[in-house]
Amino acid sequence: MRRVVIIGAGIAAMSAALTLAEQGWKSVLVSPMISERAQSVMAEGGINAALDTMGEGDSVRAHFCDTMAAGCGLADPNAVADLTAHGPETVRALASLGVPFHTTASGDITLRPFGGQKKRRTAFVRSSTGRQIVTALARACRREEKAGRIVRLSHHWLQQILTAEGRCTGCIVRDGRMGRFDVLAGPVLLASGGLNGLFGKTTGSVQNTGAATALAYAVGAACGNLEMIQYHPTTVPISGKRVLISEAARGEGGRLFLRRGGEKWYFMEEKYPELKNLMPRDVVSWEIEQVCRETGEDRAWLDLTGVDPAVFDERLEDLRAFCLEFLHLDPQKEPVPVYPGIHYFMGGVYVDRAHRSTLPGLYAAGECACQYHGANRLGGNSLLGAVYGGRRAAETLLRDDGPPAPPPDAQARWTAALREIENRPGRVSCRAAEGRMNEAMNDCLGIRRCEEELAAGAKTLADLSTSLAAGYDPSAGAPEQYLLERRLILARAMVDSARARRESRGAQYRTDYPKRDDGAFQKTTLARWRAGKTEITFADIPKEETP
Amino acid sequence: MTYRLKIRRFDGVRAFWQTFALDGGGGLTVARALELLNERPCLTDERGQEAAPIAWDCACLEKKCGACAMVIGGKPRLACAVPLRDAADRDGCVTLEPLKKFPCIRDLQVDRRRLTDTLTEMELWLEQAAETREETRQLHYRAASCLLCGLCLEVCPQFSGKGAFGGAAPAIAAFDVYDHAQPGAHRDAVARQYRRRFYDGCAKSLACQDVCPVKIPIERLLVKTTAAAVWKRNRKERK
Ligand SMILES: Cc1cc2nc3c(=O)[nH]c(=O)nc-3n(C[C@H](O)[C@H](O)[C@H](O)COP(=O)(O)OP(=O)(O)OC[C@H]3O[C@@H](n4cnc5c(N)ncnc54)[C@H](O)[C@@H]3O)c2cc1C
Ligand code: SF4
Ligand code: FES
C-alpha cells in the first residue's frame, strides 16, 4: 500500500486522506489534537460555490471573476479556474456526506451574500459551517481508519522535514506526550493551517504555530506572498484574544457605523454605494482603521438591530449566543463594538496549480499553502480551498513518483542536532523570545506598514535569532527551541517580503508606497532560504489558459 | 482582586495540590488565568516555591473545540468559557482538576481516546450518501455540534471509562448516522451498537444534557434514536 504522511488533521488533511483512501492508498495524519479540535471547526459563515440556487444567474465564471478581482491580480488564474469550476460538486459532495446545509423552500441549498461577491454564493449551516463540515469528514474518515487506510498520530507534532538530493523523503515527528521521535518515510503533504503563532493570538487556533511551514521553508521550499495577511474587519476582544464576528452578520444585513458629532455615520454605505458593508475584507478593514484614526475613535460599531428577528433565529443563533455569553450584550438590541484583527494568511508554502511545492516530494494544501487567494481572500473561499485543495493535492500525489527512502542516518543526525543545542554554553529563554517575536510582528505588520517600522521589525527578529543561537533553554527543551529558531527565520521572511513589495495592494498597505504598481509588482513575492539568508524575488503570475 | 488557583498537579508519577495567587478582574476566564500563570518568567506557588508550567489543553479559546474541558470548582466545564468570578468560592479560591473519567497524562491534560475509539468501534459512518430530511435537519445540526469535550461522560453516573457503555456523546453521533443512513445491514449494525453501547446501560439521569456546553438537546436526540433503532419505529414504517 503506498503511503503519504499528512501534517495536520483539519479539513484539507481529511479531504486529502479520503481521496487517497478511495484509491487504496494509506495516509498517516500527524496532528497535536484530533480533527474535531482543528481550527477548521471555528469557521462560521460558509463555503462558496456557484450553485446558483437563488435564481440570480450566478455562474462559475462570475465566481472566478470575483475571486480574481478580490485577489488584486495575484492569484493563479488557472488554479482559481479549477477551484471555482469544482465548487458546486464539492459542496454537493459535502451534503452527501451529511452536512446539513440550510435549504430553500424548494429543498435546494440556500446561499447567503458574502463580502466581495456580486451574487449570493455562500452555502452555510447557521454560523458554524466549519464544525459541521469537520463532523461529516471525520465521520467518513472513521470508516477508513477501521479499514487501516487512515492512521492517526494524534498528540504528534512535525519536528523536521527530511531531504536527500534536493527531494523531500519523509519527516521526523515528535510524540508530544512520550517525547519520542519517529522517522516517517514517504511524500509529505502539509495541511497544517495558518501562521497564527508568529503573531501570538489571532482569531484562530493556538495550535497553528507556523512551525510546519517554517520547517518546510528552512529546508528550501519557497514561500509566496507571505506579506498578505488578512485582517478581518469585525473582531472583538475577549479574555486574552480577539474573536470574530462572522461576515455572515453583514451578509444578513448588519451595518457598520461610527459615531461622528453625535450622529451615526454609516461610512461604508456612503463610500461604497454598490457593495456597501460587503466590500472585500481588505477594503473594509482599511476603512475602519482609517475612519477611526480620522475621528479619534478606537472602534467602529456593527449594527444588527435592523436584522429580521426570524433571520436571527434561523441563521445567526450561534452569533447571538456568543455575544450574550462573552460580550454580555444582545446584538438584536444594541450595536457590537468591533475593530479589525489578524485572521487569515493568504501566503504560505508556494505551490503550483497541482499543489506541488518547489521541493519535490513536498506538497501543501489548505491555509498553509499560497494558493487561490492572491492578495486578499474572499470569505467562504478558504473552506472551499481546503476541501478542494486537499483533494487536488491527493490526486497529484496519486500520479507522482514516490520519493527515495530517507537517509539511514536520519535519526542519528536529528539526535546530533538536538545535542548541538543542548551543548551551547549560554542560557536563553524561548518564552521571552517568542513573546518578543510576536510583539515585533504585530508592530510592523499592521494594516498600515512603512519601511522604517519594517526595518526595525527585521532587526529585532535578527537579534533574537542571534541571541537564541548562543544558548540553550532547558525549560523549553531542544526540540521546542529548534522549532522556534525556524519560526523566527520564517517571521523574518514575512517582514522582508513586505519590505520588498514597495507598493500597496490587497492586504498590504504601505504608507510610503500608497499606490498599486502593476508594472513592477503584479507578481508573487517569493521568499527562499538560501545559505543562511532570506532571498526575495518576484515570480510572474501564470497566464490564463483558454479552457 | 487576588484569586487563588488551587490546581491538582500530576507529573507522571506523583499527584499533589499546588496553589497559585493571581491578581486580575473576575471577568478573566480560567483559560486566561492559566495562560497568565504560564507566561510568568519564573512560576512560583503561593509559598514562593518554584513550579513547573501547568500542562493543560486548549486550541480555540472560544468554546468551539472542546480541548480545555476540566473540573472547575467541582464542576466539569470548559476553561475558556468560565470567568474566575463564576468559579471561585467565597474566599476567591478556584480549584482546578483534570477530568476524572479519563486517564490523566499530566496536570489538567487527559487522554480522551476512549471517546473517539468508541465512535469507530460503533461503526459510526455512512455507507451511502446521506439522506437529510427537512424534519430532522435541525437535529442533525445539533448533533453535529458536539465538541467531543467529554463533559457529558464526566457527569454520567453510568460511564466509568471501562466496559461497553459509551455515554451520551457517541449516542448522539449514532443519531446523526442512523437518521442519515439508508436501510440495510450497516444501519442495522449501528442500531445493535446503539443498543449495546448505550441503550442497555443508560439510567436516564440526563446529567449529560445539563452539563453540555453547547446545549445539545440530548434527550430529544436519544428519544428519537431509541424509537427508531431499538423499537424499530423507523421513518419508512411510520410513513
Ligand atoms: C473564526 C474563524 C472563522 C472562519 N470562517 C470561515 C468561513 O466562514 N468560511 C471560510 O471559507 N473560511 C473561514 N475561516 C478560515 C478557515 O476556517 C480555514 O482557513 C480553514 O479551515 C483551514 O483549514 P486547514 O485544513 O487548512 O487547516 P486547519 O483546520 O487550521 O488545520 C491545521 C491542522 O494542522 C495541525 N498542525 C498545525 N501545526 C502543526 C505541526 N507543527 N505539526 C503537526 N500538526 C500541526 C493542526 O493541529 C490542525 O490539525 C475561518 C477561520 C476562523 C479562525
Ligand atoms: S454531547 Fe455536549 S458534553 Fe457531550 S461531548 Fe458533546 S459537546 Fe461535550
Ligand atoms: S480551548 Fe477550545 S473550547 Fe476551550
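Which polar backbone atom lies 2.8 Å from a nitrogen atom of ligand 1? Select ligand 1 and A:Gly46 to find out. The backbone atom belongs to A:Gly46. Keep in mind that this is a predicted model.

**Stop 1: ligand 1**

A polar backbone atom of A:Ala9 is 2.9 Å from an oxygen atom of the ligand. On its own, ligand 1 has 1000 Å² of accessible area, and the protein covers 99% of that.

Next, select the helices and strands of chain A that take part. Those giving two or more residues to the shell are helix H1 (11-22), strand E7 (156-164), strand E17 (336-345) and helix H12 (381-399). Then show the whole shell. Ligand 1 is surrounded by 38 residues. The closest are A:Ser40, A:Gly45, A:Glu367, A:Ser382 and A:Leu383. Colour the shell by class. You get 16 nonpolar residues, 19 polar and three charged.

**Stop 2: a sheet in chain A**

The three strands make an open sheet in the order E7-E8-E9, with antiparallel pairing.

Zoom in on E8 (residues 167-175) and E9 of chain A. Their antiparallel pairing runs over five bridges. Pick A:Arg174, then find its bridge partner in E9(A), A:Phe181.

Now bring in two helices. Helix H13 (residues 410-422) of chain A lies across E7, E8 and E9, running at about 140° to E9(A). Helix H16 (residues 478-500) of chain A lies across E7, E8 and E9 as well, running at about 65° to E7(A).

**Stop 3: ligand 2**

Move to chain B and select ligand 2. Its surroundings include the cysteines B:Cys146, B:Cys149, B:Cys152 and B:Cys212. Among the other residues around ligand 2 are B:Leu147, B:Leu148, B:Gly150, B:Ala169 and B:Ile172. B:Pro213, B:Val214 and B:Ile216 also belong to this group. Colour by class again. The shell around ligand 2 holds 11 nonpolar residues, one polar and no charged ones.

**Stop 4: a sheet in chain B**

Select strands E1 to E5 of chain B. What order do the five strands take? They form an open sheet in the order E2-E1-E5-E3-E4, and the pairing is mixed. At the edges are E2 (15-23) and E4 (75-78), each pairing on one side only. From one strand to the next, the twist averages 30°.

Focus on E3 (residues 69-72) and E5 (residues 93-97) of chain B. This antiparallel pair is joined over two bridges. Pick B:Ile72; opposite it in E5(B) stands B:Leu96.

Last, select helix H1 (residues 30-39) of chain B. Helix H1 packs on the sheet and touches E1 (2-10), E2, E3 and E5 of chain B. The direction of helix H1 makes about 95° with that of E2(B).

Conventions. Residues are numbered from 1 along each chain as its sequence is written. Chains are lettered from A and ligands numbered from 1 in the order in which they are written. This is a predicted model: local features need pLDDT of at least 70, side-chain atom pairs count only at pLDDT 80 or more; totals for chains, interfaces and linings use all residues. Side-chain values use heavy atoms; hydrogens and water are left out. A residue is near a molecule or strand if one of its heavy atoms lies within 4 Å of it. A polar contact is a pair of N or O atoms within 3.5 Å; within protein, one must be able to donate a hydrogen and the other to accept it, and residues adjacent in sequence count only if both atoms are side-chain atoms. Accessible areas come from the Shrake-Rupley method with a 1.4 Å probe; for residues, only the protein chains shown count as cover. Helices (H or I, at least four residues) and strands (E, at least two) are DSSP runs, numbered from the N terminus. Ala, Val, Leu, Ile, Met, Phe, Trp, Tyr, Cys and Pro count as nonpolar, Asp, Glu, Lys and Arg as charged, and the others, Gly among them, as polar. Two strands pair if DSSP finds at least two bridges between them. Contact means heavy atoms within 4.5 Å. Axes are lines fitted to C-alpha atoms, for helices over the stretch in contact, and angles run from 0 to 180 degrees between N-to-C directions.
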